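I opened this model to look up two things.

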Amino acid sequence: MAFIDDIKAKAKTDIKTIVLPESMDKRTYEAAEKILKEGLAKIILIGTPEEIAENGKGFDLTGVTVVDPFNDPNKQKYIDKFVELRAKKGVTPEMAKEQMEKDYMYYACLMCKCGDADGVVSGACHSTGNTIRPALQLLKTKPGISSVSGFFLMEVPNCEYGEHGLFVFADCAVMPEVNAEQMAEVAALAAESFESLVGAPAKVAMLSFSTKGSAKADCVTKVQEAVAIAHEKYPNVTLDGELQLDAALDPTVAALKAPGSEVAGHANTLIFPGLEAGNIGYKLVQRLAKAEAYGPVLQGLAMPVNDLSRGCSADDIVGVVAMTAVQAQG
Ligand code: ACO
């Protein structure tokens, strides 16, 4: 069974409610129709009657709940919650109302925060920054977690590495600069993400251009420190580093460069030393190896919110909604 079919089967076992705030985009309606036909989630669309009538023309929206942000009986509850959460940042009821009406992503996050929905998927026509920021401001991190990061579940065809070609790559989406402490936390969250989505033990490689001290530079030292922190803070995570990519994946190279490592040669969860490497790395594998790249899926948030690529198809939205629903179950 392909990875995404497995995720869809899991989503159907406990139906969650996912908000799609991008009612200005036709792909949202095509995805909503497919999600309801497949029985993957309940869907809430945010939009005015005019927006829904114009952009949703021709789609069967039976079963979709539509929330009009200008005429919603729950709106005052969301404004109050927004002010409660952001008063220290100077947010007044007027500012909250205006922001929610201008940017439906804020409305969607508040619906989650107030318990009226289980997750949000957006980003088909908004940048990653604009998609993530409302979630960071309103939903915040899970207890005990300091930073939100983003991973891709990579499914590489005809690949003998990883878990039969399945990998988690992180952070590929959120933190432009990552310190050793944050890299260790990304690794622990990524291991959890791999195990919950793939259902196999995570083997985490902390990547660098150096293997076990073969090169010296400040950025190598950062990865070595991250490994030490991870071993201390997350002793149950199977993790090693610093490793070059070939040593992480290939048992023959691993035997030469990192003999005795439990991870080298068998890694399925790859932690990049920075966003540049992570973002470029996943796109290289996606384009050159024709891998499926599911994500970016956010990890560390108190409730599941996920971003879409602006080039996404309706089927991509369906897949990300299924993953979001499974995260909400967990
Ligand atoms: N984890 C937790 N909280 C965070 C994080 C984080 N990683 N980053 C910022 N925050 C919090 C801040 O503390 C702040 O909280 P506060 O308002 O309560 O004080 C709030 O989020 C807003 O933070 P800002 O720093 O004001 O927001 P910023 O404008 O920097 O946005 C963002 C943060 C959106 C994550 C930014 O770092 C960013 O744009 N990252 C890169 C995204 C990107 O372009 N990725 C690549 C494309 S993805 C792809 O290719 C598919």
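Predicted model: local features only at pLDDT ≥ 70, side-chain atom pairs only at ≥ 80, totals over all residues.

**Ligand and domain contact**

A polar side-chain atom of Asn279 sits 3.0 Å from one of the ligand's oxygen atoms. I then checked Lys140 and found a polar side-chain atom 2.7 Å from an oxygen atom of the ligand. For Arg133 the corresponding distance, again from a polar side-chain atom to a ligand oxygen atom, is 2.9 Å.

Which residues come nearest to the ligand? I listed 20 residues around the ligand, and the nearest are Arg86, Lys89, Lys140, Val148 and Ala173.

Next I looked up the domain division. Domain 1 is made of 3–140 + 301–329, and domain 2 covers 149–292. I noted seven residues from domain 1 and seven residues from domain 2 in the contact. The C-alpha centres of the two domains are 31 Å apart.

I then went through the interface. About 620 Å² is buried between domain 1 and domain 2, with carbon and sulfur atoms giving 68% of that area. I looked for salt bridges across this interface and the count is zero. Polar contact between the two domains comes to three residue pairs.

Which helices supply the side of domain 1 that touches domain 2? I found at least two residues each from helix H1 (3–12), helix H7 (128–138) and helix H13 (314–329). H1 gives the most to that side, with three residues. Sorted by class, the side of domain 1 that touches domain 2 holds five nonpolar residues, one polar and one charged.

Methods
Residues numbered from 1 in each chain as written. Heavy atoms only, no water. Domains from an automatic or database assignment. Contact = heavy atoms within 4.5 Å. Buried area = accessible area lost by both parts, 1.4 Å probe. Salt bridge = Lys/Arg side-chain N within 4 Å of Asp/Glu carboxyl O. Polar contact = N/O pair within 3.5 Å; in protein donor to acceptor, adjacent residues only side chain to side chain. Helix = DSSP H or I, 4+ residues; strand = E, 2+ residues; numbered from the N terminus. Nonpolar A, V, L, I, M, F, W, Y, C, P; charged D, E, K, R; others polar. Near = heavy atom within 4 Å.
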